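Here is my note on the model you sent for review.

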Amino acid sequence: MDYSLLVEAYQRIDSTTKRLEITDHLVDLFKKTPVELVDKVVYLTQGKLYPDYMGIELGIAEKLAVKAVAMAAGVSEPKVDRTVKELGDLGETAAKFMGKRAQATLFQEALTVEKVYDGLDRIARATGEGAQDLKIKILSGLLSNASPDEAKYLVRTVTGRLRLGVADMTILDALAIAFCGSKDLRPMLERAYNLSSDLGGVAKAVAERGVEGVKGFQVTVGKPIRPMLAERLPSAEEILAKIGGKGLAEYKYDGERLQIHKLANGEVMIFSRRLENITHHYPDVCELARKHVKADEVILEAEGVAINPDSGEMLPFQELMHRRRKYGIEEAMEQYPIALFCFDLLYADGEDYTLKPLPQRRRKLEKAIKRSERVQLSQAMVASSVEELEKFFEKAIEDGCEGVVVKSMGSDSVYQAGARGWLWIKYKRDYKSVLTDTVDLVAVGAFHGRGKRAGTYGALLMAAYDKKSDLFKTVCKVGTGFTDEDLAKLPKLFKDNVIPHRHARVESQLEADVWFVPAVVLEIVGAEITLSPIHTCAMNRIRAGSGLAIRFPRFTGRYRTDKAPEDATTVEEIVEMYLRQLKKIEAEA
Ligand code: AMP
């Protein structure tokens, strides 16, 4: 197939922004394309060579492309650079130079789609020493045989700037029209795409066998499924009304969505929400999947969250970014281990679960994983009243989550791959604020440590002082910010304060492992103050049934030995801080 045919279609598509016209141009193109090339034509039209999950990226630096253009045209690099500045686009520049060159040469070999694809593929795969030179050579070889228009699109493709603006759904429409006779059949093609994440694969299947070709598309372990997404509503009332009065509310963890595929041979693959293969970022998750997933073959979804290895507390999302790098994964794994909060199951041992309702998927998920501290099910509850849902939401925020996702449990609550719909509704706070003041809080109890903290405390239960009642009221659990030295010191520091039950002046709904006489004051900094159904500080003051808590608390390292427990930050002060925070948020809004 002549590359010029593809380029003509690109030009037509480039000349319109109307979706229907773009679809028509694509239909023409697909009809002209030999069946065995349809997948390649689809990938090329998207500026790719393969589906995203293969991880083979086309795209060379503009600097290299400039070199290739100079080489092919027989001009100097500075000259090419100058023309790029003048024309504002390397594609147009290549067209200009290749036009001049075409007039000077008689013997050109016509470019075919096969040759272009093969050349681009070799460019994408070239690595190691000499790779840059090789890339330049291949590109300049292609350019030497290109017409001006071909050169323009070739250069745009190879530098990742094709940008025809063709949406996946437009390609599916065009495929349905070209090979199944009607756009009405698009949903079938769409489902095949959602299950395989491979538009070229779908194209080839319908080009070969029409609609029959995609009927057989199945969930395949090792190929990512396009993720189901959530709609959003601003209140518990609206969510429950939308979802039929009752839904499964789950914590919305603030980490990275991981689609985990465990293959029969024990191999594990992990795909991101954008379907990139990110297995190499998470060797520890692979290991967890091997040990904790009971089914032989499975696809499940989990949110991976960085945790404090000593206290088990969840850490803010930013800590996960340590995984997004080439080197130092080992260190990141140690410093920021991941806990998995599994929330869906799409496939298990030969059975496709995507068309089964949520309660059934959840039951299978419960059975399929062996739970541990590092592999958990998402916290969930069936919510059927606004009060229940609000409480659960507050608890989620306080525990370090972003909010909740409320999911339909009806008979139609299938896994809608690739779709954002009302079967899942997220409920997030619409503000973020930063607490700038530190607070001085009294340690009133502690929780046993584990791992590196076995033998000492994993977290301390902290309280503010309530002047009116002369009681200490809990406001957070803090396990972050302690150095190894601090940790070693803690049991000794509290030795004389340990008592067998909650102190009479402490008000707490939480059961600590160890209780203290309120005496030691520590300086704490947090991200913000939130409503909390658990902590007793300012209980019922702002909202019935809720107190206030400090979110993401961290010990600053300062022991306030200069302060008596009654000198600690008071409940009143925390209430004021909360109100100030609200005012600030309103002012910013
Ligand atoms: P958003 O990115 O704001 O559209 O929210 C959807 C994202 O929330 C998903 O892509 C997941 O990464 C994440 N998430 C966290 N916890 C859950 C959960 N329990 N169920 C579904 N998604 C969750």
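How much space lies in the second largest pocket?

1. Second largest pocket. The space in it comes to about 940 Å³. A pocket is taken on a 1 Å grid over the protein atoms alone, as an open set of points with protein on both sides within 12 Å along at least five of seven lines, and lining residues have an atom within 4 Å of a point. Grid points are joined across faces, edges and corners, and a volume is the space filled by probe spheres set on the points. There are 37 lining residues, and Gln46, Lys48, Tyr50, Asp52 and Arg274 are the closest to the pocket centre. By class, the lining holds 14 nonpolar, 11 polar and 12 charged residues. Here Ala, Val, Leu, Ile, Met, Phe, Trp, Tyr, Cys and Pro count as nonpolar, Asp, Glu, Lys and Arg as charged, and the others, Gly among them, as polar.

2. Basis of the values. This is a predicted model, in which local features need pLDDT of at least 70 and side-chain atom pairs count only at pLDDT 80 or more, while totals for chains, interfaces and linings use all residues. Residues are numbered from 1 along each chain as its sequence is written, and side-chain values use heavy atoms, with hydrogens and water left out.

3. Overall. The protein has 20 helices and 21 strands; these are DSSP runs (helices H or I, at least four residues; strands E, at least two), numbered from the N terminus. Along the principal axes, the C-alpha atoms fill a box of roughly 95 × 55 × 50 Å. Of the 589 residues, 54% are buried. Buried means under 20% relative accessible area, exposed over 50%, and partly exposed in between (1.4 Å probe, protein chains only).

4. Ligand shell. The ligand has 14 residues around it, of which Glu250, Arg273, Glu303, Lys407 and Lys426 come nearest; a residue is near if one of its heavy atoms lies within 4 Å. The shell divides into 9 charged, 4 nonpolar and 1 polar. Strand 2 (247–252) and strand 11 (420–428) each supply at least two of its residues, and strand 11 gives the largest share, with 4 residues.

5. Cavity. The structure holds 1 cavity of 30 Å³ or more, a cavity being a set of grid points where a 1.4 Å probe fits but cannot get out. The volume of the largest cavity is about 40 Å³. Its lining has 9 nonpolar residues and no polar or charged ones. Helix 15 (283–292) and strand 6 (338–348) each supply at least two of the lining residues, which include Leu288 and Leu340.

6. Positive phi. Two residues in the loop between strand 19 (528–532) and strand 20 (547–551) deserve a look: alanine 538 and asparagine 540. Alanine 538 has a phi of about 60° and is buried at 5% relative accessible area. For asparagine 540, phi is near 70°, and the residue counts as partly exposed at 49%.

7. Aspartate 466. This residue is in strand 13 (residues 457–466) and counts as buried because its relative accessibility is 12%. Its side chain makes a polar contact of 2.8 Å with the side chain of serine 469. A polar contact is a pair of N or O atoms within 3.5 Å; within protein, one must be able to donate a hydrogen and the other to accept it, and residues adjacent in sequence count only if both atoms are side-chain atoms.
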